[in-house]
Each structure stands twice: as structure tokens, then as C-alpha cells.
Amino acid sequence: MNTKAKVFKKYLKEKEVTVFQVEEVPEDEQNTVTFQSNIQVEGQQLPLMVILDDSAFTVIRVLILNNALKQDKDVQLLYMANTQNMNYKPFKLFFDRNGALIMDVCMTTPGEKEKDFETLGDEIYGMFDLIIKFLEANYRSWMKEIW
């Protein structure tokens, strides 16, 4: 397990947070570990994943909606995602190859030793608060565009 993941796992244990499933990606060059859970927005449980690896970055990924990209609305929905990306710096929307709408937040988390990541847990949880507020402000309008 990479150092960032060890530190975050320790943080979760100390804070008695038990909502994450932890998975090490086998034979991964970056020693990737994912912490998977859900967040609730507009009564919906949205899958959330914290991706920690040996790079200088940490990614928080939220699955907004599976099969969101519809052929009859593809240009409109791509425009919606692009507009959001231009207006909100930390949050980036994209459609995966199966048409799922996904939001990524990329945080810089450089370092190598455990002491380099002393505030990592608080930083990730601080970002969760921003993510939830952002989704609560935008989720309904996105769903109206999609449906």
C-alpha cells in the first residue's frame, strides 16, 4: 500500500470512519489504492472514490449518473459539461466511454514520507464538503438537461 493510502487509512481509523471499502489495484505501477463510498445528493446515493497513488496527485471521483450521454442530446450535454468545466475550477465533468457522467477533483498531494501527508485526511474531507455543496447546487439542473 502506498504511503498516502496508509496515512489516509490511519486517519479514517482514528476518526472512526467506517464507510469506505479499500481496494489496492493489483500490479499497478503507481501503487494505486481506492477508497470507495457514497454521498447523498438530492436523495440519490452517488458512488464516490478517493484514488491515492504514488503520483503527486489525489483524485476524488463521483459517479453522477450512468448512461447519461444520450445520442439525441449528446451535443447539448457535452456543451453543458464543458460550460461547467470553464466556470468551476476544481470540478471537472466528463462522460466516460459508456456515457456515464463523472466528476473528478484533482488535488496536488506531493510527498514521499508519512509526515508529508499529515493534513491529507482533513484536506480530503474539506474537499468532500465543497463537492457536496457543489452537487447540491447543480445536480437538479444537470438532471433536467439529461432527462
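I'll go through the sheet, then the helices, then a pocket, and finish with a few single residues.

One thing before we start: what you see is a predicted model.

Let's begin with the sheet. Six strands make up an open sheet, and their order across it is β1-β2-β3-β4-β6-β5, with antiparallel pairing. Which strands sit at the edges? Those are β1, residues 21-24, and β5, residues 91-95, and each of them pairs on one side only.

β1 is joined to β2 by four bridges, and the two run antiparallel. If you want a landmark there, find Gln21, which stands opposite Gln36 in β2. Next over, how many bridges join β2 to β3? The count is nine, again between strands that run antiparallel. Here the landmark is Asn38, with Pro47 of β3 standing opposite. Moving on, β3, residues 44-52, and β4, residues 57-65, run antiparallel and share five bridges. Among the residues to look for is Ile51, whose bridge partner in β4 is Val59.

On to the helices. α1 lies across β2, β3 and β4, and runs at about 45° to β2. What does α3 lie across? Its list is β2, β3, β4, β5 and β6, and α3 runs at about 30° to β4.

Is Lys133 buried or exposed? It counts as exposed, because its relative accessibility is 57% and the cut-off for exposed is over 50%.

The largest pocket has a volume of about 160 Å³. The elements that give two or more residues to its lining are α1, residues 3-14, and α3. The largest share, four residues, comes from α1. Reading along the lining, you'll meet Val7, Lys10, Tyr11, Glu14, Lys15, Glu114, Lys115, Phe117, Glu118, Gly121 and Asp122. What kinds of residues are these? Seven are charged, three are nonpolar and one is polar.

Last stop, two glutamates with backbone angles worth a look. Glu27 lies in the loop between β1 and β2. Its phi is near 50°, a positive value in a residue other than glycine. Glu27 is exposed, because its relative accessible area is 85%.

The other one is Glu42, in the loop between β2 and β3. Those two strands form a hairpin with two residues between them, and Glu42 is in the turn. Glu42 is not a glycine either, yet it has a positive phi of about 50°. How accessible is Glu42? It counts as partly exposed, because its relative accessibility is 36%.

That's my tour, and I'm happy to go back to any view you'd like.

How values were computed
Residues numbered from 1 in each chain as written. Predicted model: local features only at pLDDT ≥ 70, side-chain atom pairs only at ≥ 80, totals over all residues. Heavy atoms only, no water. Buried < 20%, exposed > 50% of the residue type's maximum accessible area, 1.4 Å probe, protein only. 1 Å grid on protein atoms, 1.4 Å probe; cavity = no way out; pocket = protein on both sides within 12 Å on 5 of 7 lines; lining within 4 Å. Points joined across faces, edges and corners; volume = space filled by probe spheres on them. Nonpolar A, V, L, I, M, F, W, Y, C, P; charged D, E, K, R; others polar. Pairing = 2+ DSSP bridges. Contact = heavy atoms within 4.5 Å. Axes fitted to C-alpha atoms, helices over the stretch in contact; angles between N-to-C directions.
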